[in-house]
Amino acid sequence: NGTPGSGQIFELPKNVFAEKVVEVQHYTDRLFRFRITRPASFRFRSGEFVMIGLPNSDKPVFRAYSIASPSWDEELEFFSIKVPDGPLTEHLQKIQPGDTVLMRKKPTGTLVLDALLPGKRLFLLSTGTGIAPFASVVRDPETYEKFEKVILTHTCRQIAELKYGYDLTDIAKNDPLVGEEASEKLVHFPTTTQEESPVMGRITTLIETGAMAAKLGMEQLDPETDRVMLCGSMAMIQDLKTMLDARGFDEGSNNRPSSYVVERAFVD
Ligand code: A2P
């Protein structure tokens, strides 16, 4: 049972789905998103990731990709970087509608609402493609049942890299299912670090200096009332963890919900 239409002979293991690419959109020479068909039996929780690969060798390279579409969507969406010599993205960035993408069957991850204790505000802090899991979380009705405010921050080097987050916020606010609540509760906070834009600076600095709270007209982060999900580079996560720990936040997991959760964004 190879992957029909892929032009490759590849024995499909039992734990892998072979799905078709439905849509591809390139944002910059570093970022693109793609959508694939969704297997009827596939279930996941908003914020989880799956392993994605291509049927281009006997031993396909798989990498973790956060699912960027809501759990009720008929297709699955992913947001990816392009790495010139990246073992997977070098090839993945060339996919076209109709091509085959492999996906391991079991989703997993810690950026899920179940891993957080109840709270008032939910901060979703992302850099680059780290926004992907939050694209699912901000379209989940449960997010708005559990929180009074949802603050989605997205920091990138350039303005063009912020487009995914702008589009996402627009889609969430006009969504038939969550649009009304998202319009009231969802706050988008885009920032850049290497190109002039209305808000500049790393999210770490913007939190530390109180600039984010001031610009949003909100209280500073408080472990009593706030819950945080982090997704970005290793360095970003490390710095934010240190900052949150110093402020009395505590890292949670599926087995032990607490005040913040962390996942590293896809790297190569
Ligand atoms: P900077 O331009 O100052 O490095 P990348 O494209 O390299 O993944 O980075 C995405 C964004 O994350 C960039 O705006 C970058 O800012 C920012 N960033 C990098 N390292 C950190 C960090 N340790 N803490 C917070 N933000 C970071």
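The strands themselves, like the helices, are DSSP runs numbered from the N terminus, with at least two residues (E) for a strand and at least four (H or I) for a helix. With those terms in hand, let us walk through the model above.

This is a predicted model, in which local features need pLDDT of at least 70 and side-chain atom pairs count only at pLDDT 80 or more, while totals for chains, interfaces and linings use all residues. Residues are numbered from 1 along each chain as its sequence is written.

In β7 (residues 121-127), 6 of the 7 residues are buried. Strand β9 (residues 186-192) is mostly covered too, with 5 of its 7 residues buried, and in β11 (residues 260-264) the count is 4 of 5.

Two residues are in contact if their C-beta atoms, placed from the backbone, lie within 7 Å. Leaving aside neighbours within four places in sequence, Leu-124 is in contact with Phe-134, Val-137, Val-150, Ile-151, Leu-152, Thr-153 and Met-229. Leu-124 also belongs to the largest nonpolar core, which has 65 residues, and along with Phe-134 and Val-138 it touches the most other members. Such a core is a set of buried Ala, Val, Leu, Ile, Met, Phe, Trp, Tyr and Cys residues joined through C-beta atoms within 7 Å. This core draws at least three residues from each of domain 1 (16-104) and domain 2 (113-264). In soluble globular proteins, nonpolar side chains tend to be buried together.

That brings us to the domains, whose bounds come from an automatic or database domain assignment. The protein chain is divided into domain 1 (16-104) and domain 2 (113-264), and their C-alpha centres lie 23 Å apart. The contact takes 17 residues from domain 1 and 14 residues from domain 2. On the domain 1 side, the elements that give two or more residues are β2 (31-37) and β5 (75-81), and β5 has the largest share, with 4 residues. By type, the domain 1 side divides into 9 nonpolar, 7 polar and 1 charged. Here Ala, Val, Leu, Ile, Met, Phe, Trp, Tyr, Cys and Pro count as nonpolar, Asp, Glu, Lys and Arg as charged, and the others, Gly among them, as polar.

Next comes the ligand. It is surrounded by 14 residues, the closest being Thr-127, Thr-193, Arg-202, Ala-235 and Met-236; a residue is near a molecule if its C-beta atom, placed from the backbone, lies within 6 Å of it. The elements that give two or more residues to this shell are β8, α6 (203-208) and α8 (234-246), and α8 gives the most, with 3. The shell around the ligand divides into 4 nonpolar, 7 polar and 3 charged residues.

Arg-38 sits in the loop between β2 and β3 (49-53). Why does Arg-38 count as buried? Arg-38 is buried because 20 other C-beta atoms lie within 10 Å. Not counting residues up to four places away in sequence, Arg-38 touches Glu-74, Glu-75 and Leu-76. Glu-145, in helix α3 (residues 141-146), counts as exposed because it has 9 C-beta neighbours inside 10 Å. Glu-196 lies in the loop between β9 and α6, and Glu-196 is exposed, with 7 other C-beta atoms within 10 Å. Glu-196 and Leu-152 are 44 residues apart in sequence and 20 Å apart in space, C-alpha to C-alpha.

Key:
A residue is buried if 20 or more other C-beta atoms lie within 10 Å of its own, exposed if 12 or fewer, and partly exposed in between; C-beta atoms are placed from the backbone.
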